[in-house]
Amino acid sequence: MKNKYSHKAQATNVGVVKVKTEGKGLGALKTLIVAMLILMQLLLLIYIYVSFASAFKWYLTVSFILSLITCIYVLSSKKNGLSKAVWIIFLLLGFMFSHVIYLLSDDRFFFYGARKRYNKIFKKSEKYIKDNGIDENLSKAVENDCNFLKNGGRFPICNNTLLNYFSSGAKLFDDVIDRLKQAESFIFIEYYIISDGILLKRIGDILKEKASSGVDVRIIYDDMGSHGTFSRKTKKEFLEAGIKLKPFNRLVPVFSVALNYRDHRKMVIVDGKTAYTGGCNLADEYINEKRLYGYWKDNGLRLDGQAVDSFSLMFLRQWEYLSKEQEDYSPFFNHYAYYKKDGVVVPYADGLEYQLHIGKQVYENIISNAREKLYIMTPYFIPDEILTGILINKAISGVDVRIILPEVPDKKIVYGVTLNNAEKLSELGVKVYRMKNAFVHSKVVMSENSVVVGSINIDLRSFYQQFECAVYSNDKTLMGQVEVDFNETFKDCQEIVYDNRRRKNVIYRLAAGLLQIFAPLM
Amino acid sequence: MEKIYDDYKNTDYLKVTVLREKFEEVNGYYITLGYRQIEIKEDKVYGNLLHLVFARPHNIENKDRLQYLQVKLESHLNALSRNEEKRHTKSLVVSLSIAVIVVALVTIGLSIAFNINAKSGLIVFGTILTVIGFFVGVSAIRPIVKIYQKEKVDYQVKLAKNQSEITLILEEIKRLVKINEE
C-alpha cells in the first residue's frame, strides 16, 4: 500500500502487530478517585488518632497494651498463619491506631448484622433443600466429601443431573445464548464482572426480548468487579426493558474494610431446568473477542437436572439479601427434567454467610484424598500453609501432582507471589506448568475420585473474603471431559524448573518475602 | 464503547494495528486464519501504522484452537521484530561506552600534556592518561568483536527459532482451516 503519509511521524517500539483493546476510560478515573478518597479518609483517621495519642501521653501506653492484647487475640483466631503474621507486624508497627483498624476489619463485628440477616434467610429457605442422601456404594473419599458439604454447609447431595463441560468461554457462552433463547419463565444471572461489549450485546438482546415478553429476568453483579465496565447506559436499557438488577456491595467512597468482600460467583439459571457455572465472567475477553492478556483460557459447566435447584436456591437467597424483599421461592423449584445418572453432583457456595471456609476445605479434602493423580488449573496460586503442606506431601508420596498456571499475568504482583509459591513446590516434586501465551482463568481441581469446577481460585481472597460457587462431582463423564481438557492444555505448556541459583539470591529472597506480606490482600 | 458492527451475532470482528511495511504479510496471515479484511485506515498521527478490521463467521470449527494459534502467531511476529531490532544492541552499547571513556581519557590527557603552563609532573600524568586511553581503546577491540559475533550467533538462533515457530503455527492453522473447509 502506497505511503501517502511518509512525512508523518514514525511510531517506534510498536511491534509488528497489535490487537486493539478497549481502554477503561472514565471508569478507571472514577475508581482512582474513589481509591484516593478512601486513602484520604484512612490517613485522616490515623492522623486524628495519632494526634489524640500524642496529646494524651498515657494513651501511648494504653495503645501499646491494646495492640499487644489484639496480637494475642489474633494468634488465637481462626485466621491462617500468613494472615496472622501480617496482622501482628501491622499491629506492633502501628500500635497507635492498628488495633482500631483490626477491629473494624474483623467480620464478627462489621458483618454481624449482615450475618444475622443471612441466617434468617437460610433458615426460612431450608424447606426447599431436597437431599438424596449419600449412596452407600460411593467410595470412602467421595462419601467423606459429601458428608462435609452436607453437614458443613447444608448443601444437598444431588443425582440425576446431566453435566456438560466446556473447555473455553466461547463454547460455554454459545451454549448459554442458545439456551437463553428457549427461556420461558425465569432467567437468573450472577457475575462478578459484567462488561459492555459484543457478548453482553448478544446476551442482552435476548434478555431484553425475554423480559418484555414476561420472563422474570434478574441480574446480580458485583459493583467493584463491574465498575467502569457495566455502563449506566446499558443498565438503564436493561431496567427499561423490565430486567431487574441488583449490585452487590456498592463501591462507595467511604473507608470500610467491607469493600474488600466481593461477590465472585458466576452462574446462569434458566427456567430451573438448566444452570451454568465456571470460571467465566460476562465479558468479551472471556470468549477471546477482546485481547487483554494473551489467549484467555477458561472453562464452564452446564447442569441439567436435579442439581439446578441448588443454584436457584443460592441465587434467590442472595437476591433476597440484596433486595430485602421476602418472596415465596416455590415457583422456582422442581422444574427440572429427570435424568437417570448415578454420579453425585453437589453445587455449593462459599462466603461470609458460612461459618466454615467451604471452598478451601473442599479443595483440601480432594487433595488429601488423592492417591494417584491431582490436576489443578488456577490463575493465581497463593495457598495457605495447610494446602501447601498437603500438596508437597502428596507429591513426595508419589501422587502425580500437576498445576497449570498462566504464562501471561493479569496482575504482576499477584503473579510474582504465584510464581514464588509455585517454584517452592516445584522443588519438592510438584509439576508446575505455565500455558504459553495464555492467561489461564479456569478454576478446576481434579483427582482420580472427584472434580470441582467453579469460581474458586487457589488464593486467600477466594478462600476467606469472596462469595464463591462451584460444583463437586464424581461423575465419570465429567471427569473424562475435564481430563481431556488438561491433557490438551499440557501440550501447550512449559514446565517451571526450579532455579536454585535464583532462589539463593539475597535480593530475590527479600523481594519474595515482601510480596508474601501482601499475599493475604491479593 | 467501541463500534459494534451490524452483524455482531453471526460474525466475529478483529481490530488490529499493523506496521505498514508488514501489511501484506500480516494481512495474509489473518486471511489464512479464515478472516476477511473489511476496513483499512491510516493512523492519524503515525505514518508507519495502519489500522485494519477483519471479520470471520462466529461459528467455525476448531475456533478455540485457531484463536490460540492466532495469539501465538502474533506473539512470535512481535518477538521476531523485537529480536531483529535488538540484534546488535549489546555490542553497540559496550562500544559506545568504551569509546566515550577512551575519548575522555585521550582528550583530558592531551589537554593536560600540551598545556604550556602545566608543571612537568602534570605533563607526565597527562601523557600517561593519553597512553592509557589508547591502550584501553586498542585492547577493547577484540572483546567487542567477540561480543558482536556472539550476539550475532545468539540472535540468529533466536530469529531462526521464531521463524520456525511461525512456520509450525502456520502449518497447523492451514491444516485446521482445511479441515473446516472440508
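1. A polar contact is a pair of N or O atoms within 3.5 Å; within protein, one of the two must be able to donate a hydrogen and the other to accept it. Keep that in mind as you look at this predicted model: between chain B and chain A, the count is 13 residue pairs in polar contact, with both residues at pLDDT 80 or more.

2. Which elements of chain B give two or more residues to the side that touches chain A? They are β1 (11-19), α1 (23-32), β2 (36-42), β3 (49-57) and α2 (63-85).

3. Now for the interface as a whole. Here 45 residues of chain B are in contact with 39 residues of chain A. Together the two chains bury about 3,700 Å², with 55% of that on carbon and sulfur atoms. On the chain B side, the residues that lose the most area to chain A are B:Y8, B:D64 and B:Y68, which together make up 18% of what that side buries.

4. Do look at B:D64 again, this time for its charge partner. B:D64 forms a salt bridge with A:K171, and their closest N and O atoms are 3.2 Å apart. Across the interface, 5 salt bridges are found.

5. Strand β1 of chain A (residues 17-19) pairs with β1(B) in the antiparallel sense, over 3 bridges. Within this pairing, A:V17 stands opposite B:V18.

Notes:
Residues numbered from 1 in each chain as written. Chains lettered and ligands numbered in written order. Predicted model: local features only at pLDDT ≥ 70, side-chain atom pairs only at ≥ 80, totals over all residues. Heavy atoms only, no water. Contact = heavy atoms within 4.5 Å. Buried area = accessible area lost by both parts, 1.4 Å probe. Salt bridge = Lys/Arg side-chain N within 4 Å of Asp/Glu carboxyl O. Polar contact = N/O pair within 3.5 Å; in protein donor to acceptor, adjacent residues only side chain to side chain. Helix = DSSP H or I, 4+ residues; strand = E, 2+ residues; numbered from the N terminus. Pairing = 2+ DSSP bridges.
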